[in-house]
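Here is a short briefing on one structure. Look through the sequence and the model first, then read the points below.

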Amino acid sequence: MQPQAKLDSILAAYRGRGRDALLPALWELQTAFGSISPPQVRQLSYCLRVPEADIFGVIGFYTLFHDSPTGRRIIRVCSDPSCALAGADAILRELCERLAIPADATTADGEYTVEHSPCLGMCDYAPAALVSARGAGERALPRVTVDALLGDWDGGYFMAAGDKRSALLDASLAAAPQTLADYGDYAALRQALTGMRPAALIAEVQASGLIGRGGAAFPTGLKWKFTREAAGAVKYVVCNADESEPGTFKDRVLLEHRPHLVLEGIALAAYAVGAGKAYLFIRGEYPKATAILAAAIAEAEAQNLLGTGIMGSDFGLTVEIRRGAGAYICGEETALFEAIEGKRGFPRMKPPYPTTYGLFGKPTAANNVETLAAVPPIVRRGAQWFKGIGSADSAGPKLVSVSGHIAKPGVYEIEPGLTLRRFLDDYCGGVVGELQAVLMGGAAGSFLLPAEIDVPLTFEDLRAAGSTFGSGAVMVFNATADLRDVLRRVGRFFQHESCGKCFPCQLGTQRQAEILERLEAPLAGDAQRLLDVGMTMTEASICGLGHTAGMAVMSALEKFPGLFAEEG
Amino acid sequence: MTNNSITLTIDGQPITVPSGATLLEAAAAAGIDIPVICYHEATSPNGLCRVCVVDVDGGRVLQPACVAECQADSHVETGNERVERSRRTILEMLNASVNLRQAPEIQAMMRALAADASRFPDARRRESELIDDNPFYVRDYEQCVLCWRCVQVCAEDAQFTFALTLKNRGHDTSVATAFDISMTESPCVFCGQCLGVCPTGALKPKMEWGMEQGWTAEELRKNTRRGRKRRADGE
């Protein structure tokens, strides 16, 4: 098809739609043309009635969109800690040598563009890459080599690493995406629709003690109650699958292996809060999960498990998938709403909170993938079953993503209360080499020393130990790891991912990264600079990204002061 | 007191304000000065600059006074150590990135907080060439603090012209037109409202800038709006 005909056919489907169709439209243009040109922006502007300048601003916010030409194939190699330990830097270097270009450039023949990427959520298959082929879209590649990256990109993955005993998942992680034939009817949803009023469902979830699995640990039932009780007829459920915290990949595994469990959880949430529409926002770096969920939604709709009049009731639900486009900040729920609304992913000021003023200004229950996946088993087995697992303040089974210097990286389900030491030794096959440090909670988390790993893995015990469970990321570093290098990568990550809205984070992530780059030869006063920058981001930023952007560095200042020592 | 008033304490001083008042308004009523950079009474507040942060009841995070509403019986401190560290560090970091030579109000804030102008050596500055692409005003984004006010008045806060946006993100963010086209190619109607709300020397009338450059009367006439109009009139 000629370019103009191709453009016309893409835009035809968007005519009459509003600004909230902007990201889907930009994705189609990006996939078809490799970048989005000024004339295309002009036509899209007329089509969606969004100002050209705004569209340009949106393209520049999301790193998977390009406003200048790219190669027919785009290769992005992860540059975050777990992939770095697995040799990602050497792969990127050799790739650039073979193609005779620097990183973040395109070959003269227009065939390849090579870029750095923040964490791709493939730490269990490090080193990982995300590749895009003009016209075909994205693909995540596991355990990459230079030859594989320059080859035909055939090497798919579908291996379930980790635990074989799982209460939440009801069985070991299967070797293929689960279909309805494996998963069965949405029994918990049927149970709710036939025998539980929404208020009773909310009470059951409250009684279970379930708290959010995305990092903030807010009580799920309470969030639903606030949303249900908020004024207004239109309400939304948003499933936050923008999992982007370095070292975290549990939601990817859940989405790829248990799509119907997640969908049933979404349906239960919608029934509880009174929503008829749910958005499933999946990060753009998860093409496989996106395809699996799209197929699962179609399958569920065909079986009347989603759609109108579900199972003969008067409850109806549409689930729409939205793809992120490369922005860690969109894991912050209000930034995620802005992305769905077709804007730059800036976090909003709170209050008002999403439960009263969320997506499109309507009451919204935004929940993490793992949180929603916990709901069907709670309904089927009862709140007391869930509450009986773990501790009083960390009820229910919890998924943990383990990567780095560990014998068996992967996603494991644990009963909270298990110590980190036993977890690493008994579940994960033990640390490879001599343990130096564990980074809990990803780049936004904090370090534990070898002497501290007898801490029980619960939200409250980790908090008391000055650490965090966060999103359940555990990154293991042995004595050969260069912690200064780890910190530099953390610094670059936040410098790259700050949205730029508030001054403390916009400036602080830049200043922090600059100081971390010179850790080998620090200037006098650098440790104090890092502390002042870290505390200012923590105390004065708008959102959770800024509040945690200095955490890992400040915890290293406390636990590894030698890393920051000045000469002499 | 009526139900529509609340009482709180700011820096030890009890004060009663209408409910819904911001901490900034309450502090002003109590005669307490809180610095602001991005806040402007004519634009929607976004709580960006955070130099107005205050400590409310020793909470985990500080609150932006420009948007945070007063809470009954709360104790607010506008100048304790936490507050001053954040304000001072923000100003020091800002000064390391942005040319503040024509921002006397921000310079005064730095002096008041004893901020160190060279606190962050070897910092990457936001450097850019001055943009002189129309007869009305020049844009010098080296002096831009990213308060967003120009973008806001160009859009829903006043003019609904949408000539401006923010490009890139994080520290690399800058104000821009679509694809960096010139102002004359953009939808700009040269209303001048962006100049009126700019808190630094980033946006400046061409006439003023020309005089700073030492232009002659003839150059001023030729290069600014007035001269162009005359030429159009049949010069």
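In chain B, 58% of the contacts between residues at least 6 apart in sequence join residues at least 24 apart. Keep in mind that this is a predicted model.

**Chain B**
- Chain B holds 8 helices and 9 strands.
- Its C-alpha trace spans about 70 × 45 × 35 Å along the principal axes.
- Of the 235 residues in chain B, 46% are buried.

**Largest nonpolar core**
- The largest nonpolar core has 247 residues, and Ile266(A) and Ala278(A) touch the most other members.
- Helix α13 of chain A (residues 259–273) gives the most to this core, with 11 residues.
- Leaving out residues up to four places away in sequence, Ala278(A) touches Tyr236(A), Val237(A), Val238(A), Cys239(A), Ile266(A), Ala270(A), Leu317(A) and Val319(A).
- In soluble globular proteins, nonpolar side chains tend to be buried together.

**Helices α21 and α25 of chain A**
- The axes of α21(A) (residues 483–497) and α25(A) (residues 551–559) come within 9 Å and cross at roughly 155°.
- Angles over 145 degrees count as roughly antiparallel, so α21(A) is roughly antiparallel to α25(A).
- The crossing of α21(A) and α25(A) is left-handed.
- From α21(A), Leu483(A), Leu487(A) and Val490(A) meet Ala552(A), Val553(A) and Ala556(A) of α25(A).
- By class, this contact of α21(A) with α25(A) has 6 nonpolar residues, no polar and no charged ones.

Technical notes: Residues numbered from 1 in each chain as written. Chains lettered and ligands numbered in written order. Predicted model: local features only at pLDDT ≥ 70, side-chain atom pairs only at ≥ 80, totals over all residues. Axes fitted to C-alpha atoms, helices over the stretch in contact; angles between N-to-C directions. Helix = DSSP H or I, 4+ residues; strand = E, 2+ residues; numbered from the N terminus. Parallel < 35°, antiparallel > 145°, perpendicular 65-115°, else oblique. Left-handed = near helix turned anticlockwise from the far one by under 90°. Contact = placed C-beta atoms within 7 Å. Nonpolar A, V, L, I, M, F, W, Y, C, P; charged D, E, K, R; others polar. Buried ≥ 20, exposed ≤ 12 C-beta atoms within 10 Å, placed from the backbone. Core = buried A, V, L, I, M, F, W, Y, C linked by C-beta atoms within 7 Å.
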